[in-house]
Amino acid sequence: MTERGVWRGRGLVWRAGVVLVVVAVLVAGLVAAALVTDVDQRGAIIGEATSDAADEVDPGLLPADGSAPMPDPAALERILGPLAAAPAVGDLTASVVDDATGQVLWERRPRDPKVPASTTKLLTAVAALTRLPGDARVDTVLARGAEAGTLVVVPDGDPTMSRGDEPGPLFPGSATLAEAAEIVRASDLRPTRIVVDPGPYTGPDLGPGWSPVEIPAGNIAPIEAWMLDAGRLDPADEYSPRSTDPALAAGRALARELGVDPERVKVATERVDTTDELGRVSSAELTERVRSMLVYSDNVLAETICREVALARDPDSPADFAAGTAAVVDTLSERGLDMSGVRLDDCSGMSPGNRLSATALTDVLRTAAAPDATREMRDLLDTLPVAAGSGTLLDRFSGPSASGAGWVRAKTGTLAGTSALAGSVTSADGRSMSFALLSSGTEPAVARPVLDRIAAALRDCGCR
C-alpha cells in the first residue's frame with residue numbers, strides 16, 4: 001500500500017511457522033536482533049537461516065563499537081556499486097555512515113534533495129524527542145459549558161483515544177472514551193448537548209498535496225485536535241478507512257456513551273467558554289506514541305506530534321501544517337543538524353512536495369545511534385520496524401536479502417514512483433552504521449527488493 005500506499009506496519013507479530021527473536025536497542029547506539037525463520041502460513045519465505053546458524057544465534061545488545069573493524073569504503077563500492085546501478089532503483093541517492101565516528105563509508109549524490117515519503121517521520125520523531133520530554137502526554141479536558149446542560153470537550157491534540165473500554169491495539173496506553181464518560185458521570189452535570197472545542201489547531205485540515213481519496217483508503221483523516229483511534233472506522237485494523245469528520249464522530253461516540261442524542265453534538269469553529277473543569281484524560285507517553293507513529297507509519301499521528309513540537313516551541317504558534325514543519329526543521333537545526341536544502345510541506349511524508357537528502361537522514365539517524373546519544377534518542381531505534389519482523393518491514397528481507405532479517409531496523413517510505421529506506425544495521429563484524437536510500441523513477445514494488453539487498457549487504461559485509 002502506498003502512502004496513498006504506505007506499507008504501514010502491523011506491529012511485532014509471531015506468525016505460524018515463524019520463530020522470531022528481536023532485541024531492542026537500549027545502550028550506546030544500535031540494536032542487535034536475531035531472526036530464525038522458516039516459512040509463514042502462506043508458504044512465503046520470510047527469511048533464511050540454516051539450522052547450524054540458528055544454533056549459533058546469541059542475541060544481545062551491541063553498542064556502536066568503535067573498536068570493531070570498519071568496512072573499507074572501496075570494498076563497499078565494489079559490492080554496493082552494481083546494486084546502486086541496477087535499473088530497478090531508477091535514480092538512487094544514498095548515504096552510509098559509521099555510527100561511532102560519523103565517517104562516510106559509501107554514498108551516491110548524498111546531498112541531492114529527493115522526495116522522502118514516510119522517512120520524513122524520522123525527522124518528526126527526533127524533533128519531538130529533542131523538544132519534549134519522553135514522558136510528555138496530551139490531555140483532553142471535559143468541562144462544564146456556560147450554557148446549562150452543556151458538556152464541552154476541550155482537546156489539546158490527542159488523536160489516539162480509544163473508543164473502547166481498553167486502549168486500542170494500535171495505540172498502547174491511550175486514553176479511552178469510557179474513562180472520559182466516567183468523569184462526566186461522576187460529576188453533577190447531566191449533559192443534554194455536547195460541544196467539541198476546536199482546540200489549538202488552525203488552518204487547513206488536509207496537508208499540501210493531500211487528496212481526499214486517501215481518507216477512505218485509510219492513509220489519512222482530516223487533522224483535527226480530537227479524534228478516536230486516529231480517525232479509523234475500525235480501531236483494530238490499521239488499514240481501516242478513516243472518518244471524514246473525526247472530531248464530530250468522536251463527540252457523537254461520547255454522546256452515545258452518556259445517553260445524549262448524537263444530533264445534539266456540535267464542533268465549534270472558535271474557542272468555547274467554560275465555567276469549570278470536570279476532569280481530564282491523557283494520552284500515552286510521547287515515546288510510546290512515537291513508536292506507534294513509526295511502526296504503523298501513521299500519518300495522522302505524525303501530524304499531531306509535530307504540532308505538539310510547534311506548541312512546545314511557541315505556545316502562541318498557530319499549530320497548523322506550516323508551523324509544525326517549521327518547528328521540526330528549526331528544532332533539528334538548533335540541535336546542530338544541517339537542514340539546508342530540506343523542504344517539508346508536512347510532517348508525515350504524504351506530501352509529494354517534501355524534499356530531503358540522504359545526508360540529512362543519516363545525520364538524523366546518528367543522533368540515535370552515536371555513542372553519545374541520550375537514552376531517549378537511543379530508544380528511537382527501538383521504535384523502528386525490524387526487517388522481516390515487524391511493522392512495514394514484516395514482509396520484506398526474504399530471498400537474496402534474507403541475511404538482513406532481524407539485523408536491519410529501518411523506516412520505509414513509499415509514494416508513486418518513490419521508494420525509500422533509512423535506518424540502522426550492524427555488520428557481521430559488529431560495526432554499526434546508519435544508512436539512507438532514496439529511489440525514484442521506478443515503481444516501489446520494483447525498487448524495494450534492491451534497496452533491501454543493499455541494506456542486507458551492509459549486514460553481511462566485513463568489506464576490508
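Predicted model: local features only at pLDDT ≥ 70, side-chain atom pairs only at ≥ 80, totals over all residues.

Analyst: Leu-151 has Ile-194 of strand S8 as its bridge partner. The two strands concerned are S6, residues 150-155, and S8, residues 193-196; they run parallel and are joined by four bridges. In general, the strands of a sheet pair through backbone hydrogen bonds, in either a parallel or an antiparallel manner.

The pairing of S6 with S8 belongs to an open sheet of five strands, whose order is S10-S8-S6-S5-S11. The pairing across this sheet is mixed. At its edges stand S10 (265-267) and S11 (274-282); each has a single partner strand, so one side of each is left without a neighbour in the sheet. On average, neighbouring strands of this sheet are turned by 20° against each other, with direction ignored.

A helix also lies against these strands. Helix H4, formed by residues 177-185, lies across S5 (139-145), S6 and S11.

For the reader who wishes to continue to the helices, H7 (residues 299-313) and H8 (residues 321-334) may be examined next: their axes come within 8 Å and cross at roughly 70°. H7 is therefore roughly perpendicular to H8. The crossing of H7 past H8 is left-handed. Among the residues that make this contact are Cys-306, Val-309 and Ala-310 of H7 and Phe-321, Ala-327 and Val-328 of H8. By class, the contact of H7 with H8 comprises seven nonpolar, three polar and five charged residues.

Methods: Residues numbered from 1 in each chain as written. Heavy atoms only, no water. Axes fitted to C-alpha atoms, helices over the stretch in contact; angles between N-to-C directions. Parallel < 35°, antiparallel > 145°, perpendicular 65-115°, else oblique. Left-handed = near helix turned anticlockwise from the far one by under 90°. Contact = heavy atoms within 4.5 Å. Nonpolar A, V, L, I, M, F, W, Y, C, P; charged D, E, K, R; others polar. Pairing = 2+ DSSP bridges.
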